[in-house]
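Subject: Structure handover

Hello,

Here is the structure I promised to pass on. Please open it first, then read my notes below.

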Amino acid sequence: MTLPTALWTDIALGSLACIILLSESLLGPRLRKAIVFHGAWIGLVLIGILTVCTAPESEQAIGNYLIRPWTIPFRLCFCIAGALSVLLSRNLLSGTGHTHRRGLLVSGGVHIFLIICSTLGMFVVTGAQDLITFLVGIELATIPLYVQAAMLRDDFSSEASAKYLIIGSLSTAFTVFGISYLYGAGNSVHFDTLAQTLTADKHFAWVGVIFVLAGIGFKLSAAPFHMWAPDIYDGAPPPVTAYIASSSKAAGLAGLILLVYGPFQQLGADLENIFMFLAIISMTIGNLGALRQKRFNRFMAWSSVAQIGFVLMALTGGDLAIPSIAFYLLVYIIGNFIAFFVVNCLASNRPETFSNMRGLSKQSPLLALCLLISMFSLAGIPPLGGFFGKFELFLAAAQPGHEHFYLILFAAINAVVSLYYYMIVVKDIYITEPTHADNSTCPAIAILPSQRLTLVVLVIAIIVLGVWPAAHSWIFTLAGS
Amino acid sequence: MNLTACLSLSAILFSFGIFGLMTRRKIIAMLLAIELMLNAALINCVAFAYYAPAGADTDVGSILPIFIVAITSAEMAVALAVIVAMYRKRKVIDIERLEDLHD
Amino acid sequence: MIESSWMILLLPFISFIGGILFLHKQPKLAAGFSILCNGAAMVMALILAVGFLSSDDTGYHALAHTWSYDWFAITDTLTVSIGALLDPISIMMLVVITVISTLVHTYSIGYMENDASAGRFFPLLSFFVFSMLGLVIAPTLVQMFVFWELVGVSSYMLIGFWYHKPSAVAASKKAFIITRFADAFFLTGIILMATQFGSIGFDAINQGATAFSSMNTANPSFSLEGGAVQVFTALAAQEGSAGFLGLNLLSWATILIFIGGWGKSAMFPLHVWLPDAMEGPTPVSSIIHSATMVVAGIYLTARLFPVFAVAEYTLSVVEFTGAITALFAAIIACTQRDIKRILAFSTLSQLGYMMFSLGVADMEHTAGFTASMFHVFTHAFFKCLLFLSAGLIIHSVHSNDIALMGGLRKKLKGTYFVTLLAVCAIAGVPFLFSGFWSKEEIIMAAWSNGHQCSAIIGLLVGGLTAFYMGRYFFLIFHGEYRGDAHHLEHAHENKFMLFPMVLLAIPTIIAGYPMLTGHTFFNTVIPQATLPTHPDHSASWIMPVAIAMAIGGLLVAWLKYGRRAVSFDTPSTNIVYRCISNKFYIDECYIFVTKKIIFRCVAAPMKLCDDYIVDGIIHSSAAIMRGCAAVIRHWQNGQTHVYLGLMIIGLALLAWFGGAL
Amino acid sequence: MPFLLNCTWILPTLIALSLMFVPKQKVGVIRGMSVAGVLGILALVVSLIIAFLAGDYASPVGSAETTLAFSYRTPWFEAIGNQFYTGVDGFSLLMMLMASIIALCGVLVSWTITDRCKEFFILLFILLAGTFGCFISFDLLTFFLFNEITLIPTYLLIAIFGSGKKEFAAMKLNLMLFGGSALIILGMAGTYSATGSFDMIAIANNQSETLGSIAMWAFPALFMGFGILGSVFPFHTWSPVGHASAPTAISMFLAGVHMKLGGYGCLRAAIYLMPEGAQEWMPLFMVLATISVVYGAFIAIRQRDLKYINAYASISHVGLVTFGFATLTAVGLKGGVLQMISHGFVTAVVFALIGCIYGRTHTRNIDEMGGLMKKIPFLSVCFVLAGFAVVGMPGTSSFVAELTIFIAGFSGSLDDTLRLVCGALCISSIVITAVYVLRTVNSVVHGPLVDNGHEFTDARFIEKVPLIILLTCIFAMGLFPGWIIELAEQSLTPVVTNLGR
């Protein structure tokens, strides 16, 4: 039987993982660095291109594995996030002039291998057609992250991974418990049959739904389940933080959409209220948490909690939700990585707090401009991609039949609050004068050529996404079919 | 023995897990508690498969627990590895003392 | 000649633009240029007047719409246009304004001789003349309002001419704000007239009003065209309706418009700015605050007389304010020490005369209207003469205070003679002088029209006027010199200043005679009114009583101030005297109202409300958010158990929120 | 022709980009390019107006369809129904003319800025691009997008180049304006959910059956959203703080054009799209407008700082604009439009003067100044003329506008007592305006000279040019308002017919 073209990407990803593992263990130091590092990010980029080229028009099923057209943008996001995370870990690997403040990763190759495994897990999630594959995909996506979080030799990293581990396994317990109840209520594991049998009057169904949502809530760091995010973002090594912040959220969202438009179809209005509840709490707590933040990583954690609040709001709407979330994720991931790249260049020789970033515009205007663009894209300021991304989330919540106008007003006001703390960052780098203590200690900022190139590419990408409608209409046509 | 009896058993087991997780100070003990909760899910699946109405495919009920066990073991292996590495370096196993990362 | 009336309007404007832009460094050139322009305007105005008088058609249709330029359209029916409407009273005012402005310009050459900023004075004066002329020939209410404001601006600039003097600056501000306050009501009145009665043109309104008033009287109504039809129907429509607070719409509109005149002509409550306006140079006071600007209110009432007559209460309001102001100002004038303030209060009381004489007239008995216009005509000349002579006196004695003058008869012979003429005119000395004729006309009209109490007030004020003018005259020219001897030696009469005063003396005497020749110069503005026969002399006793009051007043003044030396050093302890000399403390009330009530009790609380309530809410919302942020950061203390606990509570919340539904 | 129209926002963006590559030290080149750019924009707008007047683009009476001149329509993010739909009618042309003139004067006034002047002009041109984009776009989302583009440069300009507590002021200004955008987003979400498209003209035309009940709450959201930008009463507190600490050119542009963007949005997006909503909610907004008119005037009396006085004066005059709109009559709307244009020029010239005076006396407190007429006659005469323009003397543009608004207040039947009371209060505001204007003029220009030791000369040529330009605009519009009124009236007929429906 001929393999459907869309499956090639998954296979390519698996083989890339094996190649990386083999080259890590077998090859000599010089060749290993080339294959492992460059091989990985080039491979991921190629796989990203491959998913775009082999995007199926209609659903292609291979046994229990279903490639849906609307998941292609999500897969693209996973590949991009993976590649960028690999690039970001450049100065944590051995053999480069600029060593990072927190030392080197325990083993660069294993770190990259785990990134690719996690990406493969996310591909599996998007391809799942029944609860079992879904569960396996979710676990394959999260477990490597526990190990990656512990990759650095300092106390923070190990403490972060321990906490992440415990909270993660609790959420797995919730998911599994939920799945068992779903099976109980729907007497089957397959999504299509579940879609018919899971009706709103079945109490088991509701217990299952609640527990599964709790598990996925952890993965998205939505409000009641967000407490782990600031600590783990702060403790984990920078590329892992970036990867968690962008890719694992995307996977969680893909899974959530899969469930909401798959088995939970008939639960309808009550589900919308749950998402409204989650959205309101995440937005508020995320914004309030980020208001007084002084350290960059924790700031990004709280801001990602707030962003998830906006995304969940879109889920309360009708059919516009899927494409708007896909587009928003693409822009959000690029914006996030720009911020992490800039801070990574900064943080290689001083702790990444806002007071150290004062006067950045005078020290290196390029980094300051990139951080400004990423902050304004996250805030949703027009010329950048973030504007249309965030605006479509508002429109998604206003679909005919599913209007939630109070929610939109609440979200719009929250957007204003979120603008305040993104502007605080811009104020620090452009306007506040560095106090004498800050700039005396930090030497000039050294930027690796590869990281400078990726920054420029990402900035151009985010502006083009905001102005040129090609990507936007591609995602919407895919989601429409 | 009927469905509700089994379900109540697993629910009790689940709540034991949660109670253990909340009160234990040692990380290994907390992992143990999580293991309890995962096993509760197993009992659920088997119970539903056994008491499933006619016509439903009951064999799924047995495949699902196997996957759950596999996943649990994978997770616990990774967990123990991480915790052992941490113990070797920081000589601390008490979760209350892991509070360097705070706001 | 009628078609070229826009030239009269344009000449002063050219002198203003030329003077301000090019000549403000050369005073002499500026003075020459402005006199040339104003003189030409005067000549054209005189030719216009003569042409109009000689033409036999003195009836209503003598109205001439010479030209009009559409300025801008507000609604499709209502377009604001600039034009000229020439009829007896506007031509009379044209003559008065241009004659007085030319004489004042020549006088100013002498007055402003050693003043550095004279180059700025003449153009500003011409700007005032331009705006006054525009006001007078305005065919529509809006154009009158436009030039009304420009007159306010020019009076602000001229009063505050010596801008380094804080008192002058304060006086100009006060004048502008009070007139602006009255203009707000005026604007409301105009807008009511424009929107509710459909027209702002004077002839349309007046024709509609007369047709309406003659509808319920005997003679038949005549054909109407254009705007008048709308006005007529609107008047008929709102006739019976008891509008807002008991007054119907027409009364409201006309009273509001009259309040505009009230402020500009400084009637009783709003008069406080006129005495302070004396801070400006004396030529300014002579032209603005004696002859032209302050008459604008009376001119407005005269122009809209038919509508005012139709409205129920308006004319009685006019009469009441006129009488009160006349009496009130005359009393104060008797106790003032600053000679310019004496003349200012005398102007106020004469304005009161003119206003109440308009008030006593109505559509049938228009004698009051003609008497008032006649008094405007005569009063302009002798009051301007008085101010010019006061200017000369101040110039030579270097002070305004009457206590530092006395016995100037020997030094200023020319001024002495001319001021004597003017004092006799204003006091109402019989037969020879114009003042007597016009004042007597007013009292006669009031009595014959049934307004007895106004007539009696008129007589009383006549006596008071004679008294304070006599006091003014004797204290300055008779008795010994009380001032600084040094100034007395080289007090001289500058020829530039004396020549216009002498010229003005002529009309002071002969201005009264046109009335005698029975020529009804002024009544033609009333359309189709019955030609007022010479006012019936039923009350023949009024003439002798008026003469007695005038002569008596002068005699008492001579007895009190003329014969024996008067000392000013001991301020009189008499309570009433001190209250009157302080102008009944009305200025203090105004300051109290503005400072204490408006600034402290209205503006200040608003500012506090803005700073603390409106702003407060916004700042407090930010503070609340900061508080919640602190709470959230407090719970993020790194303890894993806390995180797990919150996750489980979150699960419970989700279950309650989801499940409960 | 449509390309020329789009050039109005492409040109400033190009200039902003090209300025980025000019080295920081070459201040002369930067200034030269900026002036050339602004002159180019002005020439572009004037040629557009001439072409508009030449061609007959008046929308036929009785049709609710605005006929757009030089319209250009391409699908942009059409997945959500958004098109890049630009065109222009009389009303937006007038606003563009005013914006370009004020921009020119703004650039001339900021001739003295030396440090970081490259960033200054780059941000100024981005602001210009956003503003012009707003005036020509007829798609609700594109309009909102350009409106948001203008907010960030304003923040950076005030925060970097301002004075006094500039960060606080800039942040407060920006957050409140974004609060306004939040409300606009709500309104747009409402219209989108009802009609599924953002095309203003399409929505306005067949809106009767589609908007229905949504209009009842979408209208206040949109009107108040743009009202915040136009500093309507409860949300006006950003403008005094913002103007006082903004640099001269920015406070000119902010008060002169940016606040008018609010008024433009109110008319174009709120009243034109949802007439029923307008009828329903207008009493509330009329009361708010009257409060901001009287309230602004009274507080201006108590202020001591020149910029605060002018800021509160702007609140009072812009309140008149909202009052004009609130009467929902043809005259009222036209009066509002005229007042927007006239107040744009008036407030720009006053801020320019305050900048010049501050440059000399280094104080903005009116008690510490006095008698400047003697030392700087040219500036003092301009100050007196500007004062009369603020008071609304005939011959200045504000008289024409205020007269039209007051007439709108009283036209029609007089049984609507609320409108009468508000109309009377607005007319009374001309007295309060006279009080604080004269108090300021007297204490700054007249009176004995207060010499606080600064040696200063009269206006240099570069300072005289903007003042002369703006004053001629004020007096030209005051004396010959014919063509402006005709342009405004033509473009408002569709709105009025829509209201009549």
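**Two helices in chain C**

In α18(C), Lys439(C), Ile443(C), Ala446(C) and Trp447(C) meet a set of residues in α19(C): Gln452(C), Ala455(C), Ile456(C), Gly458(C), Leu459(C), Gly462(C) and Thr465(C). Contact here means heavy atoms within 4.5 Å. Helices (H or I, at least four residues) and strands (E, at least two) are DSSP runs, numbered from the N terminus.

Helix α18 of chain C covers residues 434-448, and helix α19 of chain C covers residues 452-477. Their axes lie 7 Å apart and pack at an angle of about 160 degrees. Axes are lines fitted to C-alpha atoms, for helices over the stretch in contact, and angles run from 0 to 180 degrees between N-to-C directions. α18(C) and α19(C) are therefore roughly antiparallel to each other. The classes are: under 35 degrees roughly parallel, over 145 roughly antiparallel, 65 to 115 roughly perpendicular, and the rest oblique. The crossing of α18(C) past α19(C) is left-handed. That term applies if the near helix is turned anticlockwise from the far one by less than a right angle; clockwise is right-handed.

**Ground rules**

This is a predicted model: local features need pLDDT of at least 70, side-chain atom pairs count only at pLDDT 80 or more, and totals for chains, interfaces and linings use all residues. Residues are numbered from 1 along each chain as its sequence is written, chains are lettered from A and ligands numbered from 1 in the order in which they are written, and side-chain values use heavy atoms, with hydrogens and water left out.

Chain C has 26 helices and two strands. Its C-alpha atoms fill a box of roughly 115 × 70 × 55 Å, taken along the principal axes. Of the 661 residues in chain C, 62% are buried. Buried means under 20% relative accessible area, exposed over 50%, and partly exposed in between (1.4 Å probe, protein chains only). Take the contacts in chain C with a separation of 6 or more: 80% of them join residues 24 or more positions apart.

Which chains share the most contacts? Among the five pairs of chains in contact, it is chains C and D. Chains B and D have no contact; their closest C-alpha atoms lie 26 Å apart.

**Aromatic rings**

Over all chains there are 81 aromatic pairs. Rings of Phe, Tyr and Trp (its six-membered ring) pair if their centres lie within 6.5 Å; planes under 30 degrees apart count as stacked, over 60 as edge-to-face and the rest as tilted. Take Tyr156(C) and Phe176(C): their ring centres are 5.7 Å apart and their planes are at 65 degrees, so the pair is edge-to-face. It links distant parts of the chain, with Tyr156(C) in helix α5 (residues 141-159) and Phe176(C) in helix α6 (residues 166-197), 20 residues apart. Tyr156(C) is buried at 4% relative accessible area. Phe176(C) is buried too, at 3%.

One aromatic cluster draws on chains A and D, with Phe387(A), Phe391(A), Trp9(D) and Trp76(D) among its members.

Two arginines lie over ring faces. Arg90(A) is over Phe37(A), 4.8 Å from the ring centre. Arg471(C) is over Tyr561(C), at 5.6 Å. The test is NZ of Lys or CZ of Arg within 6 Å of the ring centre and within 35 degrees of the ring normal.

**Chain A**

Helix α12 (residues 296-315) and helix α17 (residues 405-430) of chain A have axes that come within 11 Å and cross at roughly 160 degrees. That makes α12(A) roughly antiparallel to α17(A). Their crossing is left-handed.

Phe74(A) sits in helix α3 (residues 72-88) of chain A. Is Phe74(A) buried or exposed? Phe74(A) is buried, at 0% relative accessible area. Beyond its neighbours within four places in sequence, Phe74(A) is in contact with Ala250(A), Ala254(A), Ile257(A), Ile325(A), Ala326(A) and Leu329(A).

**Positive phi**

Most residues other than glycine have a negative phi. Lys91(B) has a positive phi, near 50 degrees. Lys91(B) lies in the segment after α3 of chain B and is exposed at 56%. For His398(C), phi is near 55 degrees. His398(C) is in the loop between α16 (367-397) and α17 (413-427) of chain C, and is exposed at 53%.

Best wishes
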